[in-house]
Amino acid sequence: MYLKSTTALTVAALTLAATPSLAAEDLNALIWCDHADPKLLEPFEEAHGIRVNVKEYEGTAAGLALLEQSRPGDWDVMVIDGVDVGRLVERDLAEPLPVEEMHTGDYFPQIVLEDNNTVDGVTYGVTEKFGYNTIAYNKANVDPADMESMKALWSGKYDGRIAIYDYYLPVIGLVGMAQGVDTADLNADNLETLREPLMSLKAASRQVSDVVASQTSLATDEVDILVGGGEWLTAVLNADNPDLDWTIPEEGGLLWSQSLVVLKDSENKEMAVEFVKYVTSPEGQARLATSECYWGMPANSKTADVLSDDEKAVLRWDDQATYLERAQLYPVLDADLDSAMQDLWTDMIQN
Amino acid sequence: MRIEAHEKKVGVTLVAPALLWTLAFFLIPFAAMVWLSFSHMEGRDIVPGPDFGNYIKIFTDDSLFRGIVVSLEITLTVTVISVLLAWPLAWIIAMRVPKRWQRLALMLAVLPFWTSYVVRSYAWALVLGQKGVVMDFLTGIGLLAEPIQIMATRSATVIGFVHFFVMLLTLTIYANLVQLSPNYMRAAQDLGASAWQTIRLVVIPLTLPGVITGAFLTFVLCIGDYITPQILGGNNELTMPQLIMLQLGRRGDFPMASALSVVLMAIVTLAYAGCARWLRMDRV
């Protein structure tokens, strides 16, 4: 109790700033930046005569902290990393979803991701968008043939022209795949074997950067390759610089996915479910897929009927079957392995 | 006696809002943070202390300890460079620029304060980039055969910081310089001191409170800054604020973030103790 009070005080400023103004006609959503696009929200708001209040967050830990320190009922829906839906369920924060009302029947089968969204047979989340953490590059400066294998990253040819996306899960996953370790097999023992290649990759790199800095660096020719990048990073830059491309090398790439969850304490569950249904509908999916913050593949395959040919070309719609075959899922980590991976990541940055 | 009691009552009433404010928004949160720093994580749960594990880890884990070293190296470098640049600038504005133009000169000096800190950092990212104006100029005049890397290095972080803190220091030193009576300098020259000796032996010692005050403010703001190293440093090394953000945003490790914050505050307190003798805010 005492601890809870102390924690509450520590993050009071954060939560006070983040707590939405409550009104019966409001829907309050903890989101990633792609959901802040008015193009996505306005049709839902107009159709239901409701206002969607959004609060962006980055990183599941920050999202959980916001949620746990808010008053019950402050938030109705939450966007979360697909692999972290279980963390909401662990904390008894997620509401079961009426899966029969969702559009999952039209989903790419590989993207339903039941292991992520279902706990003990109950569905708590629904995948809404996915893509790949792989290799993004500037084909004006990099030979596309080199990018067919991750070996090129350690070859010395591109030293100083590489950036590493600052997210430990996909990049350690990619380094593992380059070393022949599947993401599903990552454990405390083989994690240490990845230290040396990870450190070598850092030595060959110019920077370790977040989304904005990565985009800026690629767009301004500061770097030519981004390890961990993908369509989500290059698609929004495509119109200005068609040379910015991405590929899944022969070793494979990581499939990222984001899920939408209705929160257990929501006081507006009916509308929250409506919002989930809207976002997973082909129309909502098309708007989310091409959000101004970042693009990504829609989970609903029927979105093909709504997207333009140009948009599908940028998303590589026709290549998805091959890509999905070669992609591995994010590792689902227990707390100890997660901590060990983050320690390794911090060591990499500091050395 | 009654008047004294009345005055005391009025004094307490007047001070009470400030005290309550400090209590509510500094002392209580600070106490909570210190208490939390003695807790630890088990899996993804916070376990109450007292436990010194976080502090032991900060000083024994290479990556965490390096955060302290990196922060101190950057902060001291920035503080020294900023003082060396700001003192002559303040001197020129206070002593060489005609009175009627001083206000304009000061305004120009503090102009960077008027732009958003984040925007200014991103602007530096573009200026210092491979195809930025600095490299264009240096390669254009033939000083460099090809662009070198400044962006995403510690140098970029230092440049971004210095640009900001020179302005702050210029203000504090200028405020000190204009309060100096010209008689001190005249007396020194009457006694045979050269211009340089007058500056070195009279003016600089007399402006020390302004310099130390500005340097202390620079130290405090610089060591606690997250934005500049994050944008300009390229995440090639982590300062303490970056490590704190890492614990909060990614690991959800509030106890470790609290412990790092307490260590950061301890460093600032030590810096204050070291400067206290010269810190005269009323002179600024």
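Which residues in H9(B) meet which residues in H12(B)? The legends below take up this question first, for a model that is predicted.

**View 1. Helix H9 (residues 195-223) of chain B packs with H12(B).** The two helices pack at an angle of about 175°, and their axes lie 10 Å apart. Because angles over 145 degrees count as roughly antiparallel, H9(B) is described as roughly antiparallel to H12(B). From H9(B), the residues B:Ile212, B:Phe216, B:Phe219, B:Val220 and B:Ile223 meet B:Leu264, B:Ile267, B:Val268, B:Ala271, B:Tyr272 and B:Cys275 in H12(B). Sorted by class, the contact of H9(B) with H12(B) has eleven nonpolar residues, with no polar and no charged ones.

**View 2. Chain B is in contact with chain A.** Here 28 residues of chain A are in contact with 35 residues of chain B. On the side of chain B that touches chain A, the elements giving two or more residues are helix H1 (2-37), helix H3 (62-96), helix H5 (117-127), helix H11 (240-251) and helix H12 (254-275) of chain B. H1(B) provides the largest share of this side, with six residues. By class, the residues on this side of chain B divide into 17 nonpolar, twelve polar and six charged.

**View 3. A:Asp81 is found in strand S3 (residues 77-81) of chain A.** A:Asp81 counts as partly exposed because it has 18 C-beta neighbours inside 10 Å, whereas a buried residue would need 20 or more. Leaving aside residues up to four places away in sequence, A:Asp81 touches A:Thr60 and A:Gln258. Between A:Asp81 and A:Gly59, which are 22 residues apart in sequence, the C-alpha to C-alpha distance is 8.4 Å.

Technical notes
Residues numbered from 1 in each chain as written. Chains lettered and ligands numbered in written order. Predicted model: local features only at pLDDT ≥ 70, side-chain atom pairs only at ≥ 80, totals over all residues. Contact = placed C-beta atoms within 7 Å. Helix = DSSP H or I, 4+ residues; strand = E, 2+ residues; numbered from the N terminus. Nonpolar A, V, L, I, M, F, W, Y, C, P; charged D, E, K, R; others polar. Axes fitted to C-alpha atoms, helices over the stretch in contact; angles between N-to-C directions. Parallel < 35°, antiparallel > 145°, perpendicular 65-115°, else oblique. Buried ≥ 20, exposed ≤ 12 C-beta atoms within 10 Å, placed from the backbone.
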